[in-house]
Amino acid sequence: MCGTESRKELPLVSAASGCSCCSNETANEVTVAGDAEYALEGLTCGHCVQTVEKAVTAVAGVDAASVELVPGGRSRLVVSGAVAEAELRDAVASAGYSLLTT
């Protein structure tokens, strides 16, 4: 660029304020049957919702999963089926988000 560089380096967004792609939490060994609700952190958009729903519905025993998005806050995950909470936590973590203990 003509020998002059005018680009400014921008800082990376912290995991707490964006799509927390690198967060992990420890798993609990609780099995749920029927509909269960969980809190999620780190979701900021519709793509985040789709990513979590896809990851959770891929878990054996999950009949359905839906997320109610609260950008920048605690979103709600509703899961139907019989599945261990540890498996849900792992699926959510592999998608880059945090399943909170409620």
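Ala 65 stands opposite Val 79 in strand β4. The model is predicted: local features need pLDDT of at least 70, side-chain atom pairs count only at pLDDT 80 or more, and totals for chains, interfaces and linings use all residues. Residues are numbered from 1 along each chain as its sequence is written, and side-chain values use heavy atoms, with hydrogens and water left out.

Helices (H or I, at least four residues) and strands (E, at least two) are DSSP runs, numbered from the N terminus. Two strands pair if DSSP finds at least two bridges between them.

| Strand | Sense of pairing with β4 | Bridges |
|---|---|---|
| β2 (residues 35–41) | antiparallel | six bridges |
| β3 (residues 62–68) | antiparallel | six bridges |

β3 and β4 make a hairpin with six residues between them, and Gly 72 in its turn has a positive phi of about 75°.

Buried means under 20% relative accessible area, exposed over 50%, and partly exposed in between (1.4 Å probe, protein chains only). Strand β4 (residues 75–81) is mostly covered, with six of its seven residues buried. Val 83 belongs to strand β5 (residues 83–84). Val 83 counts as buried because its relative accessibility is 2%. Its C-alpha atom is separated by 9.5 Å from that of Asp 63, 20 residues apart along the chain.

Helix α2 (residues 85–94) is also mostly covered: seven of its 10 residues are buried. Among them are Glu 85, Leu 88, Arg 89 and Val 92. Just after α2, Gly 96 adopts a positive phi of about 100°.
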